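Work through these exercises with the model open. Each task is followed by a worked solution.

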Amino acid sequence: MFQSSVCIVIAAYNAARTVTRAVSSALAQDHVNEVIVVDDASHDGTADAASSADDNTGRLRVLRTETNAGPAKARNLALRHSTSRYFCVLDADDYMLPGRLSRLLNSGAPEWDMLADDMIIVPQEQAEEPISITRGKPPTARPITLETFVRGNISTPGRPRAELGFLKPVISRAFMDRHNLFYDDLRLGEDYAFYVRALSHGARFHVVNACGYVAIERSDSLSARHTAADLKGMADFDAAMLQDAASRLGSNERAALAAHHAATWAKYAHASILERKQEAGYLAALRLLFGKFRPALPYILRETADLKLGAALRHLRIGAKKGSRSARFLIGFPDTQLNNRT
């Protein structure tokens with residue numbers, strides 16, 4: 001069923017340092033008949049770096065855009081060129097351990113439209129360290145409902161980022177075509193929006209224990225640089241889903257989307273205040289805070305206090321050494337262990 005039927009899509013922008021590894025790991029996977037890299041108007045030789053990983057099997061295609069359009073449009077471009085029955089995304093900073101797709105596709109999960117494995121998250125300073133996983137008996141695949149997914153993308157203070165939107169599933173093109181699904185034009189949260197749309201149309205989404213997707217955690221990644229416009233785009237998406245897909249949503253799903261919208265809107269308000277302060281000074285920021293964004297005041301005060309406390313602790317380095325972050329699983333399944341020399 002899966003033999004030579006998967007397209008791996010890599011959207012890349014100024015990723016010359018990492019994209020060669022990503023492409024090599026993709027081409028080394030079984031079941032892959034296409035690897036499509038979209039160089040999104042890079043300035044650093046990303047396309048050449050991607051091409052240097054070609055294994056001469058005719059499976060690699062490198063596309064280039066004239067202007068930077070963001071990961072959503074880059075992925076849509078790749079999907080228009082793909083003819084495979086399934087596709088999955090690989091970020092240009094990340095890579096797959098040997099055998100990842102075989103383990104995932106042969107995991108025994110029930111019928112699915114989207115099938116993901118738990119992610120291995122590795123801090124950037126450990127990106128070159130060898131890493132492997134030890135898997136016991138695979139646990140039963142966990143279904144991901146729309147409500148579970150949306151609530152799993154609401155950040156929890158004091159906890160490492162673990163949003164389910166980070167997952168990189170294998171996705172059925174037949175399901176996408178049936179519901180005319182593509183990526184929304186967002187520069188932040190494009191995966192979240194895609195999965196929400198798919199789940200609202202009844203996608204069967206399952207996740208199993210880690211099979212070998214390694215995500216490199218960078219402090220300067222796009223997802224860590226939330227602009228006000230980016231966050232507003234995500235909040236507007238939630239609002240549109242609550243209105244446009246109301247007939248497909250149950251009360252619990254609507255409540256989850258409303259909660260995610262409120263959390264994202266508060267982040268948008270905070271980012272807007274910070275941007276206004278930088279552009280026009282404290283008084284202008286305060287006028288905005290006590291005007292349009294007054295409902296977000298408790299969140300902004302809490303975030304400000306947390307940031308100041310975090311900065312103080314980092315300065316004092318209480319109970320921690322520099323670079324003490326360690327590799328971890330996004331979700332964490334029983335009987336799966338991470339082996340790395342750090």
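**Exercise 1. Classify Phe 205 and Phe 149 as buried or exposed, then describe their ring pair.**

Step 1. Phe 205 has 2% relative accessibility, so it counts as buried. The cut-offs: buried is under 20% relative accessible area, exposed is over 50%, and partly exposed is in between (1.4 Å probe, protein chains only). This is a predicted model: local features need pLDDT of at least 70, side-chain atom pairs count only at pLDDT 80 or more, and totals for chains, interfaces and linings use all residues. Residues are numbered from 1 along each chain as its sequence is written, and side-chain values use heavy atoms, with hydrogens and water left out.

Step 2. Phe 149 is buried at 0% relative accessible area.

Step 3. A search of the whole structure gives 11 aromatic pairs. In the pair of Phe 149 and Phe 205, the ring centres are 6.5 Å apart and the planes stand at 45°, so the pair is tilted. Rings of Phe, Tyr and Trp (its six-membered ring) pair if their centres lie within 6.5 Å; planes under 30 degrees apart are stacked, over 60 edge-to-face, and the rest tilted.

Step 4. Phe 149 belongs to helix α5 (residues 146-151) and Phe 205 to strand β10 (residues 205-217), so the pair ties together parts 56 residues apart in sequence. Helices (H or I, at least four residues) and strands (E, at least two) are DSSP runs, numbered from the N terminus.

**Exercise 2. What is the geometry of the pair Phe 194 and Tyr 195?**

Step 1. The ring centres of Phe 194 and Tyr 195 lie 6.1 Å apart, with planes at 80°, so this pair is edge-to-face.

Step 2. Phe 194 is buried at 1% relative accessibility. Tyr 195 is buried, also at 1%.

Step 3. One aromatic cluster includes Phe 149, Phe 194, Tyr 195 and Phe 205, along with Phe 87, Tyr 183, Tyr 192 and Phe 237.

**Exercise 3. Which residues does Val 150 touch?**

Step 1. Val 150 is buried, with 0% relative accessible area.

Step 2. Leave out residues up to four places away in sequence. Val 150 then touches Tyr 192, Val 196, Ala 256, Leu 257 and His 260. Contact means heavy atoms within 4.5 Å.

Step 3. Compare Val 150 with Tyr 195: 45 residues apart in sequence, 9.3 Å apart in space, C-alpha to C-alpha.

**Exercise 4. How do α7 and α8 pack?**

Step 1. Helix α7 (residues 190-200) and helix α8 (residues 228-244) pack at about 10°, and their axes are 11 Å apart. Axes are lines fitted to C-alpha atoms, for helices over the stretch in contact; angles run from 0 to 180 degrees between N-to-C directions.

Step 2. That angle makes α7 roughly parallel to α8. Under 35 degrees is roughly parallel, over 145 roughly antiparallel, 65 to 115 roughly perpendicular, and the rest oblique.

Step 3. From α7, Tyr 192, Ala 193, Val 196, Arg 197 and Ser 200 meet Met 234, Phe 237, Asp 238 and Met 241 of α8.

**Exercise 5. Where do His 31 and Asn 180 lie?**

Step 1. His 31 is in the loop between α1 (19-27) and β2 (32-39). His 31 has a positive phi of about 75°, although it is not a glycine. His 31 is buried, at 12% relative accessible area.

Step 2. Asn 180 is in the loop between α6 (173-179) and α7. Its phi is positive too, about 55°, and Asn 180 is not a glycine. At 62% relative accessibility, Asn 180 is exposed.
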